[in-house]
Protein chains: 2
Amino acid sequence: MISKATLSRLPIYLNYLRGLHSDADAYISATAIAKALNFGEVTARKDLAAVSGGGKPKIGYKVSDLIEILEQQLGYNSLTKAVLVGAGKLGRALLEYKEFERYGVKIEAAFDSDFKAQNRGVKTQVFPMEQFENYCKDNDIRLGIITVDVDSAQPVCDRMIKSGIKAVWNFAPCNLKIQNDILIKNENLALSLAHLNITLNLKNI
Amino acid sequence: MISKATLSRLPIYLNYLRGLHSDADAYISATAIAKALNFGEVTARKDLAAVSGGGKPKIGYKVSDLIEILEQQLGYNSLTKAVLVGAGKLGRALLEYKEFERYGVKIEAAFDSDFKAQNRGVKTQVFPMEQFENYCKDNDIRLGIITVDVDSAQPVCDRMIKSGIKAVWNFAPCNLKIQNDILIKNENLALSLAHLNITLNLKNI
């Protein structure tokens with residue numbers, strides 16, 4: 001049984017290894033991975049041993065094997081189906097973002113109350129909001145992405161929960177009210193940029 | 001002198017207070033803020049006292065005053081100028097994102113090597129990459145945003161550093177190589193969604 005803490009770090013290892021663009025037969029040690037990611041060496045070694053059974057002495061892990069093992073472990077072969085509400089600029093950018101499927105999530109459909117937004121050329125089909133509840137129930141959707149503006153975010157979130165969605169990825173910069181058993185991850189891009197800006201101003205470089 | 005730890009939390013307080021959409025004369029206690037943000041009560045009380053001189057006994061802080069104090073403290077009246085490279089879908093979504101200026105950063109210009117991208121209808125002007133270095137030097141730009149694809153990210157980052165940029169906000173899902181004195185914040189959206197997905201699958205709700 002792999003611990004929750006280990007599981008939560010697996011995508012970070014996977015992301016790092018993919019970013020290396022290594023040769024087919026390249027090897028890497030747990031120590032090198034730990035150093036690159038600023039993790040403790042013991043943590044990295046234990047995490048990787050838990051999923052892989054351990055690397056080869058002195059040379060470590062074959063990068064391509066480790067990537068495959070991590071993908072399997074994270075269930076990336078069985079994609080979680082998600083829906084997105086709000087097919088504006090940010091929403092459409094996310095719909096065309098290719099990386100999500102490589103990390104286990106497929107945005108199956110998008111919804112928008114604006115008829116024009118429904119007909120903009122994106123690969124993923126954009127449906128009218130009236131079809132939202134039925135779509136989610138029929139397709140057993142458990143993950144919802146909110147890219148509407150602040151004023152619409154709470155009603156959209158409420159409709160998601162009512163339709164059976166259990167995890168919400170929210171890009172609207174506001175505090176959504178949800179019950180305790182629903183997962184929420186706020187992606188406040190302005191806050192993220194603000195942090196970088198403050199650090200820059202503090203360092204005064 | 002306000003500590004770095006306190007400063008790093010100020011945008012989070014500001015974001016929370018703005019999200020309340022309070023009446024003009026509403027008050028809030030440090031305790032209530034701490035609870036909502038999952039911060040320690042002592043932390044929140046000390047942070048807010050450091051910037052404001054303390055709330056009124058029993059009733060706390062006037063929300064509108066506290067927002068104004070936080071904005072002043074964070075220098076949000078003197079916007080940091082930023083440039084963005086990569087005027088694709090995600091880049092253009094960021095260019096139209098209104099929240100950044102409310103958090104102290106203004107994206108002054110965007111750059112793209114693709115002539116078509118330069119002429120897409122966004123408010124912020126999109127210049128050809130040839131003008132990048134001069135623009136950054138002439139306008140004393142210290143903050144750069146990367147929204148190009150993985151293959152172009154490292155060369156773009158290198159050009160940013162050479163042009164005097166000291167902080168990089170990177171949306172390309174890769175590990176950029178930079179010198180130690182440059183700040184980098186990786187915004188890996190796929191990784192963020194992957195974490196939510198794993199937590200959802202773990203909870204099995």
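About 5600 Å² of area is buried between chain B and chain A in this predicted model, and carbon and sulfur atoms give 70% of that area. On the side of chain B, the residues that lose the most area to chain A are Leu189(B), Leu193(B) and Leu196(B), which together make up 11% of what that side buries. Counted by residues, 58 of chain B are in contact with 57 of chain A.

**How the two copies are arranged**

**Polar contacts and the makeup of the interface**

- Between chain B and chain A, twelve residue pairs are in polar contact, where both residues of a pair have a pLDDT of 80 or more.
- Several elements of chain B each supply at least two residues of the side that touches chain A, and these are helix H1 (4–20), helix H5 (89–95), helix H6 (99–102), strand S7 (167–170), strand S8 (183–186) and helix H10 (189–203).
- The element that gives the most to this side of chain B is H10(B), with 15 residues.
- Sorted by class, the side of chain B that touches chain A consists of 32 nonpolar, 15 polar and eleven charged residues.

**Salt bridges**

- Side chains of opposite charge can pair when their charged atoms come close.
- Over all chains the count comes to twelve salt bridges, while across the interface of chain B and chain A there are two.
- Glu96(B) forms a salt bridge with Lys89(A), and the closest N and O atoms of this pair are 3.5 Å apart.
- Within chain A, Glu71(A) forms a salt bridge with Arg18(A), with the closest N and O atoms 2.5 Å apart. This pair links distant parts of the chain, since Glu71(A) lies in helix H4 (residues 63–73) and Arg18(A) in helix H1 (residues 4–19), 53 residues apart.

**Confidence in the prediction**

- The model as a whole scores ipTM 0.81 and pTM 0.81.
- Chain A has an average pLDDT of 89, and 98% of the residues score at least 70.
- Among the elements of chain A, the lowest mean pLDDT, 77, belongs to helix H7 (residues 115–118), whereas the highest, 98, belongs to strand S6 (residues 143–146).

Technical notes
Residues numbered from 1 in each chain as written. Chains lettered and ligands numbered in written order. Heavy atoms only, no water. Contact = heavy atoms within 4.5 Å. Buried area = accessible area lost by both parts, 1.4 Å probe. Salt bridge = Lys/Arg side-chain N within 4 Å of Asp/Glu carboxyl O. Polar contact = N/O pair within 3.5 Å; in protein donor to acceptor, adjacent residues only side chain to side chain. Helix = DSSP H or I, 4+ residues; strand = E, 2+ residues; numbered from the N terminus. Nonpolar A, V, L, I, M, F, W, Y, C, P; charged D, E, K, R; others polar. pLDDT = per-residue confidence, 0-100.
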